[in-house]
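Colleague: I would like to learn how to read a model like this one. Please take the features one at a time, starting with charged pairs.

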Amino acid sequence: MTPSDAGATSEGADLLPVATPARTRAAVAELLRPQRPLVMAAFAVMVGATAIGLLVQPLLGRIVDLAAGRASADAFTTTAVLLVAVAVAQGVSSGFGLSLLSRLGETTLARLRERFVERALGLPLERVEKAGAGDLTARVTADVSLIAEAVRGALPELARSLLTIVLTLGAMALLDWRFLLAALLAVPVQAATARWYVSRAVPLYAEQRAAGSAQQQQLLDTVAGSSTVRAFRLEREHADRVGERSWSLAALRMRGVQLVLGFYSRLHIAEYIGLTAVLVTGYWTVRQGSASIGTATAAALYFHSLFAPVNAALVLLDDAQSATASLARLVGVTDQAPPPGPARPVEAGPIEVTVRALSHAYRPGHPVLHDIDLTIHHGERVALVGASGAGKTTLARLVAGIQPPASGTVLVGGVPPTELGPVTARRTVALITQETHVFAGPLADDLRLAAPDATNDELRSALDRVDALAWAEALPDGLDTVVGDGGHRLSGDRTQALALARLILADPPLVILDEATAEAGSAGARALEKAVARAVDGRTALIVAHRLSQAAAADRIVVMDAGRIVETGTHDELRAADGPYAALWQAWSDSRDTGT
């Protein structure tokens, strides 16, 4: 068991882990530790502001005593002026204290976000794929938003309410200890209510978060595969699945509503018990002559003023529990071990890929690769071909270091690719698949993701090498045109050309293309294949070929079937051998001739 496993649990068989309550509290303490001076300053100012506000009730009690004693108008004026001064002082100090709390919360939230993104980007891709995009998406959107709302609204108000409760009870004790005892009669009911609520709310909100992830994953799967769903007439089945996930989430939320209603009904009982006890105590102490009417009035006002902070604290407890559940999901990711550093540097000089006795299975007992032996020399372009399910993509992923092999060895420049470390891996290996993402923002910024210091001339040179400069400069604002979500939409072949331009800018010695031209239509396929040839020129390249015309241009072709290499050689050699490749070539050529 790893350290992160010890402090986390799993929401499901494949979902990303969730931190335990103890680990979540420890993570918050770690985030706050560097900001200890700010924490102390915010606490001190809020205590002072609350203490100033507690002067209102004694001053109002003083007015009652003055009225009962038929005091002069001047005495009333002095007390009224003091009330105004208290209100101004409390307002100023409360505003300053809340600003310090907000700065503390926003800084902590920013550090949590940075750590979350850092760890999320470092998660093994296979782990993310098993969890599903919906789980990670829900954490980075819904959970982060919920925590942000709590930091900006609920948590400052909760802190102020708790301070008010504690200091008000202290003020009641200063008036007369018997008023404090009377007020504390409500505490057992309130404590039992809070315990009853928390014991049910924490697992319920965690269950709601997991159900929300499952719903989002189902929606993503249905929308992303809509064309397949329609092709196989599965609309009703997928609609039922979405409906089932949605109703499951709705049922959990209705349980939450019922929980809150029960929570409030118990609070009202506590308020009635406490206020009755304070009023009875005030009546008794005044009759005994041990307290004035003003003191009894101040005590009653103190207890009545507790209604708002107590209710606010317990209501905000609802938001706090929900935010805590979301925070546990984020900490579950931030606690994942960071990507390991490189075990040893890559050998200097040309990059060569060596695969020996490689076997792999995603599930035990279901191997997808069997005893693969392959060497790719520096500067050699090797194309992988074969039917769907032959193991081409799995082999490409293992060479790229996406995951370690189940058995056997993969070496890139003499080092296992999984041990390169993130920085060395980015400089050594580039993987381009058919699922290329266009990041929202100016086109130039998108290109500079591969080379942050690249000049505009270097960007144009990279685009020119993949025949993309003409259309890029023809965009409304040229390289400054905003692309991606909310911006100019790029077609499939242009998106792939953009990825190839990034590849040129990154300039890695090893390139792996996994059907990188598959999304291009037939009209742009030939142009894109020429762009691929220019982009990989001078580099070691492993190409999972979607079109056999791309394989024909490679230096060597490796034919795979059922997870094994069944043929290897040049295009002409394999055609002459009249084996599996020749059959694939004949079938592909016939499909082109018939226009299918």
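Modeller: A salt bridge is a side-chain nitrogen of Lys or Arg within 4 Å of a carboxyl oxygen of Asp or Glu. This is a predicted model, in which local features need pLDDT of at least 70 and side-chain atom pairs count only at pLDDT 80 or more, while totals for chains, interfaces and linings use all residues. Residues are numbered from 1 along each chain as its sequence is written, and side-chain values use heavy atoms, with hydrogens and water left out.

Colleague: How many salt bridges does a search of the whole structure find?

Modeller: The search finds 11. In one of them, E380 meets R556, with the closest N and O atoms 2.8 Å apart. Helices (H or I, at least four residues) and strands (E, at least two) are DSSP runs, numbered from the N terminus. E380 lies in the loop between β4 (366-376) and β5 (381-385), and R556 in strand β12 (residues 556-561), so the pair ties together parts that are 176 residues apart in sequence.

Colleague: Are E380 and R556 buried or exposed?

Modeller: Buried means under 20% relative accessible area, exposed over 50%, and partly exposed in between, using a 1.4 Å probe and protein chains only. Both E380 and R556 are buried. A further salt bridge joins R178 and D176 at 2.8 Å, N to O, and D176 counts as buried because its relative accessibility is 10%.

Colleague: Which salt bridge does R460 form?

Modeller: R460 pairs with E473, the closest N and O atoms being 3.2 Å apart. R460 is in helix α16 (residues 456-465) and E473 in helix α17 (residues 469-473), 13 residues apart. R460 has a relative accessible area of 31%, so it is partly exposed; E473, at 44%, is partly exposed as well. Elsewhere, salt bridges that share partners join R23, E30 and R115 into one network.

Colleague: How do I read strand pairing, and what does β10 pair with?

Modeller: Two strands pair if DSSP finds at least two bridges between them. Five bridges join β10 to strand β7 (residues 429-433), and the two run parallel; A430 stands opposite V511. Five bridges also join β10 to strand β11 (residues 540-544), again in parallel, with L542 as the bridge partner of I512.

Colleague: Why is β10 described as largely enclosed?

Modeller: Five of the five residues of β10 (residues 510-514) are buried, so the rest of the structure largely encloses this strand. Both faces are covered, with L510, I512 and D514 on one side and V511 and L513 on the other.

Colleague: What is a nonpolar core, and which residues touch the most other members of the largest one?

Modeller: A nonpolar core is a set of buried Ala, Val, Leu, Ile, Met, Phe, Trp, Tyr and Cys residues joined through side-chain atoms within 4.5 Å. The largest here has 42 residues, and L169, M172, Y197, V278 and F303 touch the most other members. Among the helices that each supply at least two residues are α7 (133-175) and α11 (235-288); α12 gives the most, 13 residues. Apart from this core lies another, of 37 residues, including I432 and L500.
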